[in-house]
Amino acid sequence: MRAFIVLMPVVVAVGFSAWTAIGPNGGPIYSGGIATADPPTIYLAPYASPANLVKSTNGGESWFFTSGQIPTYPQNILVHPSDPEVVYALTGAALYKTTNGGASWSVYSLPSSNYFRALRFNPLNPEVLYAVGYNYAGSVYRTVLARSINAGVNWQVFFCDTAAPSYGYSLAVDPIDTNVIYVGGYRGIGATTLHRSSDCGDTLCHHQ
């Protein structure tokens, strides 16, 4: 007598049990930031105008709205790496800063004729901030990187070296060699771009 082995398909659910819905309410979330504290303080920016940040001081177990308002929704928020009460909110044409956990905000002007989409610290010096976006003053939009060395008070703008229309959307700073910065975006129709600087943004080289 022959023995037969029947192979049955087995469906395995992967990943669903690893995630737990923890809220918060308040609308679609555009960006968020977390402070390196224990328990961590978390800030989320809902899509609302005006906007109150949603905050948790216990690692996401509970949430509440901050009392201070930002006139429009932030494109990007950053939480200071060593002080969870200091938060930056980038709204495109302006930068807002709180030093009391969102209870009130101060506004800093960004260089005119620019719209910024991403904001990052220098990982080794949070007094240095970078913002990426595009300049719309000329006949074509051009990708720009802005740098502040005094925590957002003053800014210097650097143009990426391309004459074609381009738009900056993302930004990364090397955590080891903070002179190295990467700017990502797109140029023309369907063409992605990557720019790299090895001198803190003074010179931006173009790579497609």
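Tyr 134 is buried, with a relative accessible area of 13% (buried means under 20% relative accessible area, exposed over 50%, and partly exposed in between, with a 1.4 Å probe and protein chains only). The model is predicted, so local features need pLDDT of at least 70 and side-chain atom pairs count only at pLDDT 80 or more, while totals for chains, interfaces and linings use all residues. Residues are numbered from 1 along each chain as its sequence is written, and side-chain values use heavy atoms, with hydrogens and water left out.

Nine aromatic pairs are found in a search of the whole structure; rings of Phe, Tyr and Trp (its six-membered ring) pair if their centres lie within 6.5 Å, and planes under 30 degrees apart count as stacked, over 60 as edge-to-face and the rest as tilted. One of the pairs is formed by Tyr 134 and Tyr 141, which are stacked at 5.5 Å centre to centre with 10° between the planes. Tyr 141 is partly exposed, with a relative accessible area of 34%. Tyr 169 and Tyr 186 are also stacked, at 5.8 Å centre to centre and 25° between the planes. Because Tyr 169 lies in strand β13 (residues 166–173) and Tyr 186 in strand β14 (residues 181–187), this pair ties together parts that are 17 residues apart in sequence. Tyr 169 is partly exposed at 33% relative accessibility, and Tyr 186 is partly exposed at 32%.

The protein has 16 strands and zero helices; helices (H or I, at least four residues) and strands (E, at least two) are DSSP runs, numbered from the N terminus. Strand β6 runs antiparallel to β5, to which four bridges join it, and antiparallel to β7 (residues 94–98), again with four bridges; two strands pair if DSSP finds at least two bridges between them. Tyr 88 in β6 is the bridge partner of Leu 78, and Leu 90 stands opposite Leu 95 in β7. Val 87 and Ala 89 point one way from β6, Tyr 88 and Leu 90 the other way, and all are buried.

The structure holds one salt bridge (a side-chain nitrogen of Lys or Arg within 4 Å of a carboxyl oxygen of Asp or Glu). Lys 55 and Glu 85 form this bridge, at 3.7 Å from N to O. Lys 55 lies in strand β3 (residues 54–56) and Glu 85 in the loop between β5 (76–79) and β6 (87–90), 30 residues apart. Lys 55 is buried at 6% relative accessible area, whereas Glu 85 is partly exposed at 31%.
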